[in-house]
Amino acid sequence: MASWFESLERDLQSPLAVRRLGSGWFSGFFALLLSVTGLCLVMALRWPDWFATPELAALHQWGGLRPLVHALLIGGYGLALLSLLLRPRKAIGATALIIALLATLLGGAEVQPSETHDWGVFFGVDFFAVNMVATGLMFAPIERLFPHRAQQRLFRQEWREDLFYYLISSMMVQLITFLALAPSGYINAVTTSLAGIRALVASQPWPLQFLEVVLLTDLVQYWFHRAFHRVPFLWGFHAVHHSAKAMDWLAGARMHFFEIIALRGVTSLPLLTFGFSPLVMQAYIGFVYIYSSLLHANLRGDFNRLGAIVATPRFHHWHHAIEDVAVDKNFAIHFPFLDRLFGTHHLPDGQWPGGYGVPEQVPQGYRAQFLYPFRRKQDAAL
């Protein structure tokens with residue numbers, strides 16, 4: 001099994017010169033994408049108590065979902081067979097074909113819910129599939145058309161780790177949400193005196209609420225972000241995010257589990273406390289997913305004028321820069337004026353970082369990086 005995954009990894013990371021049209025690489029890649037997406041949706045339809053996200057209930061009730069699953073699996077089959085015919089290396093095509101067959105054996109587009117014991121716990125594989133496909137299909141082609149670093153591959157070094165981070169944060173959405181919202185639930189219960197303010201906030205027009213949410217969360221995130229850089233123990237968690245040595249839309253997913261919970265808890269606290277509309281909060285969450293991918297994306301464009309108003313990829317790339325001049329700079333997520341206001345702004349006209357990462361040696365692999373903040377503290381104490 002290990003050798004199979006190694007073959008698949010080598011095939012996905014093939015040099016650009018052998019990924020030309022007609023080589024079978026592109027058909028194999030898209031076969032894998034369609035098959036994995038189809039399998040995730042089939043699992044969510046078959047075991048909704050375990051693998052379906054309640055917030056996506058409308059998707060499961062949509063009449064076009066099953067035809068879409070059928071199309072995904074047919075496309076996965078066809079492209080996998082084409083890749084097997086064209087490509088000397090068979091790992092991508094064979095893997096895609098096996099996944100599509102597994103999805104079909106589980107019921108395919110006609111799958112019916114299977115009775116399961118509802119433990120009140122679910123793993124959002126449908127959320128992962130929808131999120132990954134929507135974001136990937138949005139940014140991967142743009143990065144190919146307008147790359148800052150044209151030589152950087154789609155399947156760069158460390159792509160497996162970042163994809164696994166994406167999977168974990170999507171599948172564990174229920175646990176993350178529960179832990180993040182726990183402080184807000186307690187504070188709301190003991191601050192009934194704010195009922196008037198909450199009613200006033202909720203009565204505002206939707207666009208105004210959304211703008212206020214973006215501004216308020218960016219102010220909170222600025223100081224949260226800055227604390228994770230300045231407090232040594234907290235930096236151990238955030239160093240995992242900064243350990244990526246290449247920047248693209250997937251690099252933003254690399255974030256320690258505890259930092260995700262803390263970040264979502266801190267940002268949701270003022271939103272729930274002051275009574276912003278749940279619809280506005282959901283819209284903001286979707287906006288942040290896309291905007292975070294944009295900030296980390298491998299996209300060229302200096303955007304000197306735009307960058308003075310809102311955060312751009314070049315602005316955030318400097319935050320991840322390995323250069324000493326960029327250390328502890330550009331903490332804002334949306335509005336650079338916060339960094340100018342608090343003296344942490346760095347965006348030289350037309351210049352990009354020479355490299356990314358951290359001076360310390362952060363280990364590779366999800367498990368080692370999960371334990372790194374705790375082991376790092378122990379090592380520092382010795």
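Of the contacts (heavy atoms within 4.5 Å) in the chain between residues at least 6 apart in sequence, 79% join residues at least 24 apart. This is a predicted model, in which local features need pLDDT of at least 70, side-chain atom pairs count only at pLDDT 80 or more, and totals for chains, interfaces and linings use all residues. Residues are numbered from 1 along each chain as its sequence is written, and side-chain values use heavy atoms, with hydrogens and water left out.

**Chain overview**

- The chain has 17 helices and zero strands; helices (H or I, at least four residues) and strands (E, at least two) are DSSP runs, numbered from the N terminus.
- Of its 382 residues, 48% count as buried, meaning under 20% relative accessible area, with exposed over 50% and partly exposed in between (1.4 Å probe, protein chains only).
- Carbon and sulfur atoms hold 70% of the chain's accessible surface of about 18,800 Å², computed by the Shrake-Rupley method with a 1.4 Å probe.

**α5 against α6**

- The axes of helix α5 (residues 65-86) and helix α6 (residues 91-105) come within 8 Å and cross at roughly 150 degrees; axes are lines fitted to C-alpha atoms, for helices over the stretch in contact, and angles run from 0 to 180 degrees between N-to-C directions.
- Therefore α5 is roughly antiparallel to α6 (over 145 degrees; under 35 is roughly parallel, 65 to 115 roughly perpendicular, the rest oblique).
- The crossing of α5 past α6 is left-handed, that is, the near helix is turned anticlockwise from the far one by less than a right angle.
- On the α5 side the contact includes Leu73, Tyr77 and Leu84, and on the α6 side it includes Gly93, Leu97 and Thr104.
- By class, this contact of α5 with α6 has 11 nonpolar, three polar and no charged residues (Ala, Val, Leu, Ile, Met, Phe, Trp, Tyr, Cys and Pro are nonpolar, Asp, Glu, Lys and Arg charged, and the others, Gly among them, polar).

**α2 against α6**

- Helix α2 (residues 25-46) packs on α6 at an angle of about 20 degrees, the axes being 8 Å apart.
- α2 therefore counts as roughly parallel to α6.
- α2 also passes α6 in a left-handed crossing.
- Residues of α2 including Trp25, Phe29 and Leu39 meet residues of α6, among them Ile92, Ile99 and Leu102.
- The contact of α2 with α6 divides into 13 nonpolar, three polar and no charged residues.

**Met138**

- Met138 lies in helix α7 (residues 125-145).
- Met138 counts as partly exposed because its relative accessibility is 34%.
- Met138 and Trp249, 111 residues apart in sequence, have a C-alpha to C-alpha distance of 9.6 Å.
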